[in-house]
Amino acid sequence: MNKRTKLKFLSLLAFFYVTGQVQAQDRKAPSYPLITHNPNFSIWSGTDQLNASTTTHWTGADHSLVGLIKVDGSIYRFLGKEEANYKTVLGTTDEKSYSVKYTETAPEGDWMSASYADGNWKSGYAPIGDDAKQVKTLWKSNDIWVRRTFSIANPATTNELMLKINHDDNIEVYLNGKKVYQKEGWTNTFQYVHLNKSDLKAGENVIAIHLANSAGGRFLDFGLVDKLKEKGAGIQLAKQKNVEVTATQTIYDFTCGNVDLKVTFTSPLLMDDLGLLARPVSYVTYSARANDKKTHSVKVFMSASSNIAVYKPSQEVTAKKYSTSALSVLKAGTVEQPLLQKAADDMRIDWGYFYVAAPKSSGAVQFITNSGEAASAFRSGSSASTVTTGRSLALNTVIPFGTVTSKPAERFVELGYDEIYSIQYFKRNLRPWWNTSGKETIENQLNAAATQYKEVMRKCAAFDKAVYADALQSGGKEYAHLCLLAYRQSIAAHTLVKSPEGEVLWLSKENNSGGFINTVDVTYPSAPLYLIYNPVLLQGMLNGIFYFSESGKYPHPWAAHDLGTYPLANGQTYGEPMPVEESGNMIILTAAIAKAQGNANYAKKHWATLTTWADYLTKEGLDPKTQLCTDDFAGHLARNANLSVKAIVGIASYAQLAESLGYSETAKKYRAIAESMVPKWIEMADAGDHYALTFDNKNTWSQKYNLVWDKVLDLNLFPQKVYNTEISYYLTKQNKFGLPLDSRKAYTKNDWILWTATFAPTRSEFEALVKPVYRHSIETESRVPLNDFYDSNTGIRDNFKARSVVGGFYMKFFADRMKSKYVSTQSSSAPSN
């Protein structure tokens, strides 16, 4: 390589390096929260540029918001992308069932060709699978071969042919004998796969499929669609300059020709005001200003999809436009309205109604169209509603700014959702918190949100500033960034309702890990966030579990795992108990509430139940038998050292509660039990330079994240040597994206890493453990709402997303707050000079 070539090469390398650095710095989150209220009303952007992708529900289903701005006749798209529009070529069962030929015996010959004689195959109707409630043809063997014959008059008229398929598990698909799709694994919803339309023939065609079950369930539904041409011609992309994520807001800055546009999504989730927290209304604020010292005509357009109110896009919806005294309103919901009729993990709400509202004072113009017509209508200046029922409708709002100068002009719209009933709690349907009485209306909530707009925005700004400052002081910039990402995500995985007994219920959905409601070992890692900002909400996470036991509905001497599958809280649906795990969690969290509130009144209400659980831990906790813990994805484990820590800390927490309540003899008894277990634990777990994963294998190791409560609750059980030894060892085991959970695999849990980091002896060791977690948040390939379970080498998620457990990131923050309280109490109780 000559000198000149070498210099060019080095310059090129430098360019790519700098470009890469800029791109890495531009990313603030794996997915950006836009609308965040509860598991049903939760909309995200999975790309760093807001206009680079369709906005989605946390499950990944399209929940499309599209934003356009017209500047002096030129139109720019700044938000989302228009949803793809498809025309059916060969229908799937979301339209109507269809017949197929199938066999469960491996066929001989060219079974995938159109000419194959399948007369001896069985006939059946789709969908095919092993769940009798959901399918037309049962399939319970390991393999199935399926053929579907159909006719096409003129394939040339197809624009873009796509396979529409939903399958479980491994699949091979042939079109007229040619393999067009193959996948190891399964899908949860319909996927669209590009095909070559030249593979279709005029006349008879055949799709032939081999499907193999490798794990779990079985399912098949398939067809063909034509992806229609986009109608967005003449629309330019706005240039995004910046994005900022705070606790309650996501803020974007754009240049749209001669106008700068700031778009702010605000979900005012302020936990000191349960009425505001529960109000299902978010703001989208637009601030426009000229960037060339001239004046410009500006209009902003938002199109919101009615799919925000459906489980599946095939469901028919109805929409209407109306007004209140102060607002112009659009409303959409399914025709069917199947209120609380299903429970699942990968599920969207299909009852209740979605709302888009704008103050009349803004001069907003609203109308309803099919989704494919929305942008064209804005481009042409049309504002006529063209439809009131159908599928995938668009709720459109045009906000005229008039003439914009260099002084920012601001307008806002509101997005809201009325679930009507949110939760079924032991067979009783509960209304959302904001309408517990049944006498409130969503219109009143929307009106109140509009009236209080400036005050709410001021509160959010002040709160966001305080959260960042406190987290920064507690753990540094990278820690503070993680706390901001966690805030809305954790809250939006819950629903607030009032129990028939008048108690607060703050019920989580175990997103993307089973869909269970009020899972105790999801509450446990989530807890620090709520202990800081409103311990009553943590009580709301425990109340249902206490009720389950105290009502006699759950008769076991340990705590339940969950209350059902969201949104049906009618009793545990997880397959087996986690006795030490959940009993320890409940006692520890009750003690944490007492610390945060400065009294043990909540524990006193449930003392008999807490005593039963403490006695179980005393009997079974030190050296646990084979059972699951919260890390159930790793399988059953006997003699789990970290689970043993939980039992010891749980017993000591019970003793601390007894002391607070004046039960001195009980406190002494259980404190002595906990203290006696510690040296036994050390002896059984000691592996020299670390402490083992299991007591019977010193060649293993694990994060002992449960130790953190010994520090946070000031229990003083374990000697400092245990903490020093573990942290020193962990720092030798870190991978690019974090400390593995244990010695078995490279996977990790970022909530547990931050708990583990909290008991690091020094700030530098804390930051060393946090840094790879921060790196994961801005570099992971998994562009989903922050996932907590991933490969520590690659950063790719193993499972889970959008879960509430990231509230556990606030553990260091909470620990520092408790420490300052303790120091303050000690100081105030000391004798004066």
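This is a predicted model: local features need pLDDT of at least 70, side-chain atom pairs count only at pLDDT 80 or more; totals for chains, interfaces and linings use all residues.
Two packed helices are described by the angle between their axes and the distance between the axes. In the pair formed by helix H9 (residues 579-597) and helix H11 (residues 607-620), the axes come within 9 Å and cross at roughly 130°. H9 and H11 are therefore oblique to each other, and their crossing is left-handed. On the H9 side, the contact is made by Pro 579, Val 580, Ser 583, Gly 584, Met 586, Ile 587 and Thr 590. These residues meet Leu 610, Trp 613, Ala 614, Tyr 616, Leu 617 and Glu 620 of H11. By class, the residues of the contact of H9 with H11 comprise nine nonpolar, three polar and one charged.

Aromatic contacts were examined next. A pair of aromatic rings is described by the distance of the centres and the angle of the planes. The count for the model comes to 52 aromatic pairs. One of them joins Tyr 533 and Tyr 810 in an edge-to-face arrangement, with 6.3 Å centre to centre and 80° between the planes. The pair links distant parts of the chain, 277 residues apart. Tyr 533 belongs to helix H7 (residues 520-533), whereas Tyr 810 sits in the loop between strand S38 (797-799) and helix H18 (811-829). Tyr 533 has 17% relative accessibility and so counts as buried, the cut-off being under 20%. Tyr 810, at 0% relative accessibility, also counts as buried.

A further pair, Phe 789 with Phe 800, is tilted, at 5.0 Å centre to centre and 45° between the planes. Phe 789 lies in strand S37 (residues 789-791) and Phe 800 in the loop between S38 and H18, so this pair ties together parts that are 11 residues apart in sequence. Both Phe 789 and Phe 800 are buried. Elsewhere, one aromatic cluster is formed by Tyr 32, Phe 78, Tyr 252, Phe 254, Phe 265 and Tyr 286.

An α-helix has 3.6 residues a turn, so residues three or four places apart point the same way.

Note on methods. Residues are numbered from 1 along each chain as its sequence is written. Side-chain values use heavy atoms; hydrogens and water are left out. Axes are lines fitted to C-alpha atoms, for helices over the stretch in contact, and angles run from 0 to 180 degrees between N-to-C directions. Helices (H or I, at least four residues) and strands (E, at least two) are DSSP runs, numbered from the N terminus. Angles under 35 degrees count as roughly parallel, over 145 as roughly antiparallel, 65 to 115 as roughly perpendicular and the rest as oblique. A crossing is left-handed if the near helix is turned anticlockwise from the far one by less than a right angle, and right-handed if clockwise. Contact means heavy atoms within 4.5 Å. Ala, Val, Leu, Ile, Met, Phe, Trp, Tyr, Cys and Pro count as nonpolar, Asp, Glu, Lys and Arg as charged, and the others, Gly among them, as polar. Rings of Phe, Tyr and Trp (its six-membered ring) pair if their centres lie within 6.5 Å; planes under 30 degrees apart count as stacked, over 60 as edge-to-face and the rest as tilted. Buried means under 20% relative accessible area, exposed over 50%, partly exposed in between (1.4 Å probe, protein chains only).
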